[in-house]
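The report that follows describes selected strands, helices and loops, moving from sheets to helices and then to single residues.

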Amino acid sequence: MRRTTITVACMTAAALTMTACGRSADNGGAAAQTGAAVSTGAAKGNLTMWAMGAEGDKLPELIKDFETANPGLTVKVTAIPWNAAHDKFMTAVTANKTPDLAMVGTTWMGELAGSDALDPTPSQIDKSAFFDGAQKTTEVGGTSFGIPWYVETRVVFYRSDLAKKAGFDTVPSDQAGLKEMAKAMQTKAGAKWGLGLQAGGTGSWQSLMPFAWSNGADLTKDGGKAYNFDSPQMLESMKYYQSYFTDGISDKAAPATPTTEPDFASGKVPMFISGPWEMSGVEKVGGAGFKDKYNVAPIPAGSAGSSSFVGGSNLAVFKSTQNRDAAWKLVQWLAQPDVQAKWYTMSTDLPSVKSAWQDPKLTSDKKLAVFGKQLETAKAPPSFSTWEQVVANLDTELEKVTKTGADPAAALKTVQQQADSVGTGQ
Amino acid sequence: MSAQTGMTGSPAGPVTPVPAGLPSGPGNGSTRQGSARPSGGPAGRGRRAETRAAWVLALPFCILFLAFTAWPVIQSFFMSFTDTKAKDLKHPFSVNVIGLDNYTKALSDPIFRKSAVNTAYFVLIGMPLTLVMALAAAVALDKGISRFRAVFRLGFYLPVITSIVAVAVVWRFLLQDPGGLINTALGWVGIDGPNWLGDPKWSMPALIMMAAWRNFGTAMIIFLAGLQSVPAELHEAAAIDGAGVWQRFRNVTMPLLRPTLLFVMVTTAIGYLQFFEEPYVMTQGGPLNSTMSLTYATFNQFGFGNYGLAAAMSYIIFVVIAIVTAVQFRLLRERS
């Protein structure tokens with residue numbers, strides 16, 4: 001009897017809440033916005049800032065300079081581990097307990113801006129100062145939310161000593177040439193695998209897209225309103241990617257824990273495509289003198305020139321901040337070329353501001369210049385809030401293509417269908 | 001996932017404490033009637049005070065239960081019928097009710113289907129394997145091993161209390177190809193071991209092995225307790241009647257062990273149906289989704305911000321667990 005009463009009560013309550021809900025009609029595709037101007041003068045008050053990983057640990061030291069320049073200001077930096085960060089941000093947005101500003105992963109922009117949590121970038125910030133591909137990662141629906149803080153891009157790493165044995169001085173600048181070189185590494189330089197490409201798993205799309213973008217692929221269509229995976233350029237690139245596995249140049253069954261650095265140092269896999277962090281990675285494993293045994297080269301050009309993947313992190317100010325002016329001033333300061341160059345020496349994070357690359361701290365390294373050049377043409381995936389979900393399907397299908405020899409056209413069709421059913425989430 | 005733990009916790013929750021707060025014992029009905037009279041006697045007043053005190057004492061639990069168990073369950077259940085996305089969390093009720101769409105979507109999702117097959121594979125092979133290993137170890141500890149018994153008991157139980165993160169590191173070394181301990185050992189007897197975690201055919205067996213190794217300790221301890229409660233006289237009597245060791249085990253030990261077996265089977269099945277940690281730390285569901293489990297697929301949907309769909313998936317898993325548990329109770333119930 002008692003239980004029936006409770007059940008009835010619960011069901012009534014549920015029914016009442018059901019009738020009370022429903023989305024409000026205005027799902028407005030608002031026009032591009034620009035944030036209100038920020039006041040001039042020194043920044044004052046308190047700021048809370050979140051940053052992830054190594055950046056979170058090293059940032060307080062850099063910010064001390066800003067605090068000295070603005071005596072009335074205290075900045076509290078909270079370091080957050082990467083794997084907990086996404087959840088923490090979403091919870092903070094839900095509870096309206098966001099920090100004033102934060103370092104934000106480039107792929108979260110769509111989600112955070114979609115939750116109406118971010119403040120549009122004010123007009124004082126010069127958007128053309130940043131690498132174009134990086135600047136695009138801050139834009140959601142035409143509005144820029146925040147700035148790119150640091151960047152990374154992918155280039156070809158190769159063993160220059162083994163390349164000589166294989167008959168190559170440098171990496172050819174076209175895609176067919178890259179494959180020839182990888183093959184020669186196997187036949188003439190004793191490599192087990194010519195080129196280390198990711199056969200599947202999370203993030204393998206990042207190895208595919210440099211080729212696809214070089215071939216002129218565009219992941220959006222209808223004026224940036226829909227996903228576009230089954231384009232001829234994507235198909236061409238996926239076929240090219242697959243050929244490395246069918247021709248036995250790349251390893252289908254790479255071990256679950258990547259062994260990129262030791263394999264590179266031993267010459268087992270003398271070429272791979274990765275980001276700037278691998279420079280210190282391979283030099284650490286390779287030991288003294290290894291610096292001169294390898295080099296980096298831009299991604300070989302396709303029909304649309306050489307392009308690559310641009311990643312990194314952005315800086316964004318949250319709408320709920322009580323100290324908007326000070327927050328944006330800190331962002332502006334972090335985007336100053338000299339501060340960006342100093343930050344590079346502290347963290348090895350590459351500057352997102354183009355002019356910072358003129359700084360002697362960066363120009364002295366020849367390998368680094370390759371990354372700087374590549375960044376000019378590197379591209380970022382669309383900032384749709386459903387990107388992570390859609391691209392997980394691309395990872396799955398790409399794995400089928402590389403490992404089981406599935407048809408690339410059918411794979412892309414599946415990805416496109418799933419992308420269409422998920423939608424862009426805008 | 002939160003939905004499930006909430007649900008599994010709930011059956012014991014609301015039922016026990018509330019009646020405990022009510023007056024009980026013989027003559028319960030008549031006294032309650034008596035106390036309902038306005039001019040209730042001193043006995044009735046005492047009862048009423050007692051009831052009130054009981055409610056006051058039960059109140060903290062009730063509030064906590066309603067706020068942290070019942071409400072999340074109701075809300076997640078509600079969520080499973082709506083198109084809730086991560087960005088709706090600020091306004092959880094301004095979403096559209098879409099009926100059973102999430103459920104049909106979940107059941108037609110190729111990855112969810114594949115993960116259902118994988119989970120069934122894991123449970124059907126992994127559970128018997130775990131139980132056999134646990135029973136064998138328990139029998140050995142009960143009868144066979146007399147020296148260093150405590151050491152062995154600790155050794156078998158140690159994986160249970162070791163952090164999965166540490167276990168993962170060690171097992172990745174063991175399973176590495178080439179050069180892992182397992183493949184090296186197989187090489188000694190002339191077998192060319194597979195690329196355990198890299199080959200879609202072998203990734204699941206590798207995880208089953210690891211899960212069985214990691215979990216059989218708990219079952220072993222419970223079996224051991226069950227074995228030790230089998231009266232020695234029954235064994236003696238059977239031995240005098242001429243029953244061999246195997247006959248005694250089958251006809252004396254096993255029937256008496258049935259309640260223990262039921263308990264171990266049910267808890268293991270519930271745990272294995274929610275198979276998550278092993279693929280999460282070892283393979284991320286790969287290669288080719290060959291180790292994607294139901295809970296992992298659900299977890300991914302939560303990660304993508306599809307809260308409605310993920311909640312529906314959680315409830316599907318809950319229903320499966322309930323059915324599997326009910327079937328086990330039916331098969332192994334006491335036949336008197």
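This is a predicted model: local features need pLDDT of at least 70, side-chain atom pairs count only at pLDDT 80 or more; totals for chains, interfaces and linings use all residues.

Residues are numbered from 1 along each chain as its sequence is written, and chains are lettered from A and ligands numbered from 1 in the order in which they are written.

Both strands belong to an open sheet of 6 strands in chain A, in the order β2-β1-β3-β12-β6-β13, with mixed pairing. Its edge strands are β2 (73-80) and β13 of chain A, each of which pairs on one side only. Strand β6 (residues 147-153) of chain A is joined by 6 bridges to strand β12 (residues 310-317) of chain A in an antiparallel arrangement, where A:Tyr150 stands opposite A:Ser313 in β12(A). A further 2 bridges, also antiparallel, join β6(A) to strand β13 (residues 350-351) of chain A, and A:Val151 has A:Leu350 as its bridge partner in β13(A). Because 7 of the 7 residues of β6(A) are buried, this strand is largely enclosed by the rest of the structure; a residue is counted as buried if 20 or more other C-beta atoms lie within 10 Å of its own, as exposed if 12 or fewer do, and as partly exposed in between, with C-beta atoms placed from the backbone.

## The three-stranded sheet of chain A

An open sheet of 3 strands in chain A has the order β10-β7-β11 and antiparallel pairing. At the edges stand β10 (271-274) and β11 (294-297) of chain A, each with a single partner strand, so one side of each is left without a neighbour in the sheet. The twist from one strand to the next averages 25 degrees (angles run from 0 to 180 degrees between N-to-C directions, and axes are lines fitted to C-alpha atoms, for helices over the stretch in contact).

Strand β7 (residues 155-159) of chain A pairs with β11(A) over 4 bridges in the antiparallel sense, and the bridge partner of A:Phe157 in β11(A) is A:Val296. Helix α15 (residues 366-375) of chain A packs on this sheet, touching β7 and β11 of chain A, and its direction makes about 15 degrees with that of β11(A); residues are in contact if their C-beta atoms, placed from the backbone, lie within 7 Å.

## A covered helix in chain A

Helix α8 (residues 205-214) of chain A is mostly covered, with 9 of its 10 residues buried; among them are A:Trp205, A:Phe211 and A:Trp213. The elements that cover the buried residues of α8(A) include α7 (175-187), α9, β10 and α16 (387-403) of chain A. Just after α8(A), A:Gly216 takes a positive phi of about 90 degrees.

## A helix pair in chain B

Helix α15 (residues 294-303) of chain B packs against helix α16 (residues 307-332) of chain B at an angle of about 160 degrees, with the axes 8 Å apart. That angle makes α15(B) roughly antiparallel to α16(B), a label used for angles over 145 degrees, whereas those under 35 count as roughly parallel, 65 to 115 as roughly perpendicular and the rest as oblique. The residues making the contact include B:Leu294 and B:Phe302 of α15(B) and B:Met313 and B:Ile317 of α16(B).

In α15(B), 7 of the 10 residues are buried, and the helix is mostly covered; what covers the buried residues includes α7 (110-144), α14 (277-282) and α16 of chain B. Just after α15(B), B:Gly305 takes a positive phi of about 85 degrees.

## Loop residues

Most residues other than glycine have a negative phi. A:Asp222, however, has a positive phi near 55 degrees, and this residue lies in the loop between β8 (220-221) and β9 (226-227) of chain A. With 9 C-beta neighbours inside 10 Å, A:Asp222 counts as exposed. In chain B, the phi of B:Gln284 is likewise positive, near 55 degrees, and B:Gln284 is partly exposed, with 16 other C-beta atoms within 10 Å.

Note on methods:
Two residues are in contact if their C-beta atoms, placed from the backbone, lie within 7 Å. Two strands pair if DSSP finds at least two bridges between them.
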